[in-house]
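Please read these points with the model open beside you. They cover charged pairs and nonpolar cores.

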Amino acid sequence: MRTRLISVRWGSLLSGLLLALSATALAVAPQAAAATGVAAVGEALKEGPVYVDPRAAAQLPKAEADALAEKIKDAGKPVFVAVLPATAEFPQDKVLAAVRAETGITGLYAIRLGDGFNAGADRAVMPANAVRNLTEAVKTGAPVDASTQLNNFVDQALTQTGGSAPASWGTAGAGADAGVPVGGLITLGAVAAIGGGGAYALVRRNRKKKEEARREAVERLGVVVDEDITAFGEELERLDFHPGEPGADDAMREDYERGLDSYEKAKQIMASVRYPEEVTGVTQALEDGRYALACLDARRQGRPLPERRAPCFFDPRHGPSTEDASWAPAAGAARTVPVCTADAVRLRDGLDPAVRTVDTERGPRPYYDAGPAYGPWAGGYFGGGILPGLLMGTMLGSMMSTPAYAADYGGGYDGGYDGGDVSGADFNPSDFGGGDFGGGGGSDGGGFDGGGF
């Protein structure tokens, strides 16, 4: 029986090694039918970091393309570059996402399309703002040739890109030219099989932890956002507005319709939320809806329309702010925050404002001292521009300034895949979507913005 078990185990191992060797042989064998279009781009980028379509070869000659590829390989980062002709085969609004899907590897993708340029990245590799800023940097100024633009982009990107180069780059074409004996390949295969099993188990554990953190963050946010949606629905009821009531005009009806649309939009987005950063869309919709209701109420009361202001900092459910006030968190510096009328009165009277609290392991806490999960929730209400200043000195503000927050709560879950991982079509399409490929300098001045799209 012992002999039989050993035989079975060796048979399984040898089968796995033969399968791996067969895959290596197939990788270097001529293909029966060459892929075309986006499929060709994806297949090429699996084997190396730079692809130049034959029709765009004049833009980036082979020697320059090879040098760029070596630079990326030496850095060991998952950065993919394609130079393509501006044809209907590569539509501007879809080519980035299509190339990412065909390649199937988590990474940073840069495409020179005709004279235009754009880039997109999985957020586990680079935050959306960083991609956007790098893209705009190389598109600013006088128009430059493809080699200069791509090298400028890659030089800056390599120092900021997370993850590692995909394993497929290191094995492409090795079998035909390296002259490695079959015995050596078997030995290497055995080592890879043993080491690879441990690495795979580690990757699985890391992905499981990320997935658990993602679910926990979404659950926590779900409680708070559901309360917000319910509160907004109650505001709609309290208004007791009927489109056909005496005195109602078209402007009032439009405000009411905007409020209803925002309410429905918030519910629809929340029903499909999978990642914490998606909650931003829910609170943006609620903020839009509350302003619409404030306009409706002003019209019915015969008052001037309110100024479009940020929500009350202490609790967005209070509605749009009416003024700015000085406030400081415990042991923090004073800053100016937008407040509703009721909280402004409380502050002037020396009282504490009515702050939104959420449940934590330490009991109810103000949302800005409850942990990083509430960043996307606050971001939808206050926007990325003013939020850091408002939260300076708070727990949430401190956490939002760290790279870990940008990777996770800023939108970096990406199914738990790291840079260089084979993730197939499991990626956030908003990181690789629409727009025009704006050229540099004298062209259209922007158009297709990298990263955020």
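Is E216 buried, partly exposed or exposed? With a relative accessible area of 41%, E216 is partly exposed; buried means under 20% relative accessible area, exposed over 50%, and partly exposed in between (1.4 Å probe, protein chains only).

1. Basis of the values. This is a predicted model, in which local features need pLDDT of at least 70 and side-chain atom pairs count only at pLDDT 80 or more, while totals for chains, interfaces and linings use all residues. Residues are numbered from 1 along each chain as its sequence is written, and side-chain values use heavy atoms, with hydrogens and water left out.

2. The pair in helix α9. E216 and R220 form a salt bridge with an N to O distance of 3.3 Å; the term means a side-chain nitrogen of Lys or Arg within 4 Å of a carboxyl oxygen of Asp or Glu. The two residues lie four apart in helix α9 (residues 182–239), so about one helical turn separates them. Helices (H or I, at least four residues) and strands (E, at least two) are DSSP runs, numbered from the N terminus. R220 is partly exposed, at 24% relative accessibility.

3. The pair in helix α10. The closest N and O atoms of D255 and R258 are 3.1 Å apart, in a salt bridge. Both belong to helix α10 (residues 250–271), and because they are three residues apart, about one helical turn lies between them. D255 is buried at 2% relative accessibility, whereas R258 is partly exposed at 37%.

4. The pair in helix α12. R346 and D343 form a salt bridge, with 2.7 Å between the closest N and O atoms. They are three residues apart in helix α12 (residues 341–348), so they too are separated by about one helical turn. R346 is partly exposed at 30%, while D343 is buried at 0%.

5. The cores. A nonpolar core is a set of buried Ala, Val, Leu, Ile, Met, Phe, Trp, Tyr and Cys residues joined through side-chain atoms within 4.5 Å. The largest has 44 residues, of which V81, L84, L108, M126 and F153 touch the most other members. Strand β2 (residues 79–84) gives the most to this core, with six residues. A second, separate core has 40 residues, including C312 and V358.

6. Around V81. Leaving aside neighbours within four places in sequence, V81 is in contact (heavy atoms within 4.5 Å) with residues including L45, L68, A110 and V154.
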